[in-house]
Amino acid sequence: MTRRHDRAPGQARTQHRAKYPTLLGALLALVIAVCAGIYVTAAPDRATPSGALADGRPHRDSSAAPVSTGTWVASWATAPVGGEPGTETTGLAGHSVRNVVHADSGGTGARITLSNLYGQSPLDITHATIALSAGDATAAADAGTMRRLTFNGATGVVIPAGEETVSDAVHLLIPHGADVLVTTYSPTPSGPVTYHPHARQISYVATGDRTEDSTGTPYTQQTPYWRYVTALDVLSNEADGTVVVFGDSITDGITSTTNANRRWPDLLGGRLRSALQDGRRLPRYSVVNEGISGNQVLADGLGRPAENQSGLGRFGRDALSRTNAKVVVVDLGINDILRNPRLADPDRVLGGLRTLARDAHARGLKVVGATLMPFEGHRGWTPAREAVRRQINAQIRAGRVYDAVVDFDKALRDPYDPRRLRPDYDSGDHLHPDDRGFAKMAEVFDLRTLKGAGQAEL
């Protein structure tokens with residue numbers, strides 16, 4: 001706090017000069033205090049205690065707040081989809097789960113989000129770590145980067161059924177594009193494991209508490225799922241905000257190459273970073289993927305809570321609540337056409353998409369929307385469904401749904417038969433692009449549409 005040194009009314013100038021030493025001393029004290037404050041920077045959003053662990057062992061640079069400056073952004077994220085089949089009774093009790101996630105933006109600190117949304121009893125995590133991967137397609141960690149995670153200062157946490165938790169921040173230098181290992185251990189059954197089934201990334205499981213193992217040797221089981229973990233936030237000097245890509249299996253990257261990070265949102269993040277390095281005047285944003293295969297705008301899946309919850313139902317959780325979200329990119333609606341046993345009502349689908357845009361605007365977020373790509377040749381295609389797709393696209397292109405539009409339909413359709421994907425972009429099922437198609441989606445995205453967050457309104 002700065003002290004005020006006011007001269008009394010009518011005080012003589014000679015008396016004022018006599019106080020110069022006092023004023024200089026106060027000013028010097030103030031400068032020293034300000035300088036000291038520069039070196040003490042706590043992570044925002046939560047207090048992060050330091051000292052010894054609950055079991056008396058010293059911290060391994062784990063729960064101390066990062067001594068750095070920057071902005072918290074989401075560097076990786078995924079949407080919880082449902083309860084993993086086969087885990088209904090025991091969950092993964094007695095196993096270490098090592099998830100491999102890919103950081104879009106780098107940073108000097110990290111924290112993770114764990115979800116027990118689909119559990120039926122409390123999830124007891126007694127040990128959790130974060131580390132950089134030692135290489136591609138491996139459970140081995142760079143031993144020097146292993147950090148024990150804490151939760152409000154404790155080394156374990158109990159997550160009630162239907163809820164999630166965020167770890168304390170740890171000091172860890174994460175380069176952009178790095179694979180990060182998030183490992184958890186739970187000794188007791190928790191019911192269904194909350195998971196994301198189409199990760200397109202191999203993760204690992206070991207028997208027993210192997211959370212701090214850096215060799216990877218005990219991790220003999222492989223899995224195509226992400227379990228429990230739903231977000232990695234970083235304290236970043238590279239990004240000032242987050243772009244959330246919200247969609248279905250096309251966004252999820254269901255036909256992209258496993259372990260290669262070739263989903264179109266991955267490639268969009270790379271394009272944005274390259275453009276910034278080339279000196280283009282664009283927002284410094286990270287890009288995260290909130291796609292769910294089979295997701296619809298309007299309809300939920302089965303169960304309570306609903307598995308594969310509708311876009312309307314999950315938008316607040318998976319998009320608006322992502323750390324420092326600035327822009328939402330919506331590529332959703334094709335499953336409302338394909339999976340509806342009757343002919344979908346284009347006005348209802350458009351109404352749902354407009355609701356997403358209004359909800360985003362209420363939080364100061366800009367919304368970029370995508371046209372729906374063609375799918376003739378897919379088993380669900382009919383001329384009537386094609387007509388619905390075209391009606392929805394006409395409204396999107398006319399600017400009656402989103403703040404800005406990316407025309408994936410135009411970019412990826414066959415010029416000789418616009419009801420179909422171009423053969424060289426088709427994964428073979430006539431609905432999902434292949435790696436080249438995903439690359440084209442990222443290529444045609446106009447990065448300038450990411451400007452103007454916080455000013456959007458239809």
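Asp417 and Arg420 form a salt bridge, their closest N and O atoms being 3.6 Å apart; the term stands for a side-chain nitrogen of Lys or Arg within 4 Å of a carboxyl oxygen of Asp or Glu. This is a predicted model, where local features need pLDDT of at least 70 and side-chain atom pairs count only at pLDDT 80 or more, while totals for chains, interfaces and linings use all residues. Residues are numbered from 1 along each chain as its sequence is written, and side-chain values use heavy atoms, leaving out hydrogens and water.

**Salt bridges**
- The count comes to 24 salt bridges.
- Asp417 is buried at 17% relative accessible area, and Arg420 is partly exposed at 30% (buried is under 20%, exposed over 50%, partly exposed in between, with a 1.4 Å probe and protein chains only).
- Arg420 also meets Glu376 in a salt bridge (3.9 Å, N to O).
- Glu376 and Arg420 lie 44 residues apart, and Glu376 is buried at 13%.
- Arg397 and Asp409 pair at 2.7 Å, N to O.
- Arg397 is partly exposed at 38%, whereas Asp409 is buried at 3%.
- A salt-bridge network links Glu386, Arg389, Arg390, Arg397, Asp407, Asp409 and Arg413.

**Nonpolar core**
- The largest nonpolar core has 34 residues, and Phe315, Val330, Leu353 and Ile392 have the most contacts inside it; such a core is a set of buried Ala, Val, Leu, Ile, Met, Phe, Trp, Tyr and Cys residues joined through side-chain atoms within 4.5 Å.
- A second, separate core of 32 residues includes Val73, Val101, Ile125 and Ile130.

Key
Helix = DSSP H or I, 4+ residues; strand = E, 2+ residues; numbered from the N terminus.
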